[in-house]
Amino acid sequence: MFACLGVSHRTASAAVRDRVSFTPEAAQAFREKLAEAGVAQSLVLSTCNRCEVFVWTDGRDVGGTGVSSVRRLFEEEFPDAELDGVLSCRTGTDALVYLFRIAAGLESMILGEYQILGQVKEAHAASLESGHARRELD
């Protein structure tokens, strides 16, 4: 199952988003944590307006979708952030369409903003290089 979990400018205040972000090294470490938890593939997209994790999971976690493992690890990663009520989760086709909307700039603060496409490409490349993206996320 394909899923997305995280915060964006649409769900969280700037104060929360300031506390929720990954450096490239932290994103790599988080992808490794996800893999250890049984999440088959992951992509971490962390920009000034969003911090979201896209995953492909085979459903081996307690919740049966992989999303509960991702949520727990995400919340543990940012213990100082107030994530209650601002953490969004999408699954299946909704998550896939959302990723394409992000890449097209349709989920940006400035509609059609093009820089996000490069950021999505960089996140994808980092996942591929580290072995955390394979056929389904590619």
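Analyst: Two strands pair if DSSP finds at least two bridges between them. Strands (E, at least two residues) and helices (H or I, at least four) are DSSP runs, numbered from the N terminus. In this structure, the bridge partner of S46 is C51 in β3. The model is predicted: local features need pLDDT of at least 70, side-chain atom pairs count only at pLDDT 80 or more, and totals for chains, interfaces and linings use all residues. Residues are numbered from 1 along each chain as its sequence is written, and side-chain values use heavy atoms, with hydrogens and water left out.

User: How many bridges pair β2 and β3, and in which sense?

Analyst: The two strands pair over six bridges in the antiparallel sense.

User: Why is β2 described as largely enclosed by the rest of the structure?

Analyst: A residue is buried under 20% relative accessible area, exposed over 50%, and partly exposed in between (1.4 Å probe, protein chains only). Of the six residues of β2, five are buried, so the strand is largely enclosed by the rest of the structure.

User: How does one describe the packing of α2 and α3?

Analyst: Two packed helices are described by the angle between their axes and the distance between the axes. Axes are lines fitted to C-alpha atoms, for helices over the stretch in contact, and angles run from 0 to 180 degrees between N-to-C directions. Here the axes of α2 (residues 24-36) and α3 come within 10 Å and cross at roughly 145 degrees. Contact means heavy atoms within 4.5 Å. On the α2 side, F30, K33 and L34 meet V70, L73, F74 and E77 of α3.

User: Where does S108 lie, and which residues does S108 touch?

Analyst: S108 belongs to the loop between α4 (92-103) and α5 (115-129). With a relative accessible area of 11%, S108 is buried. Not counting residues up to four places away in sequence, S108 touches H9, R10, R50, E113 and I116.
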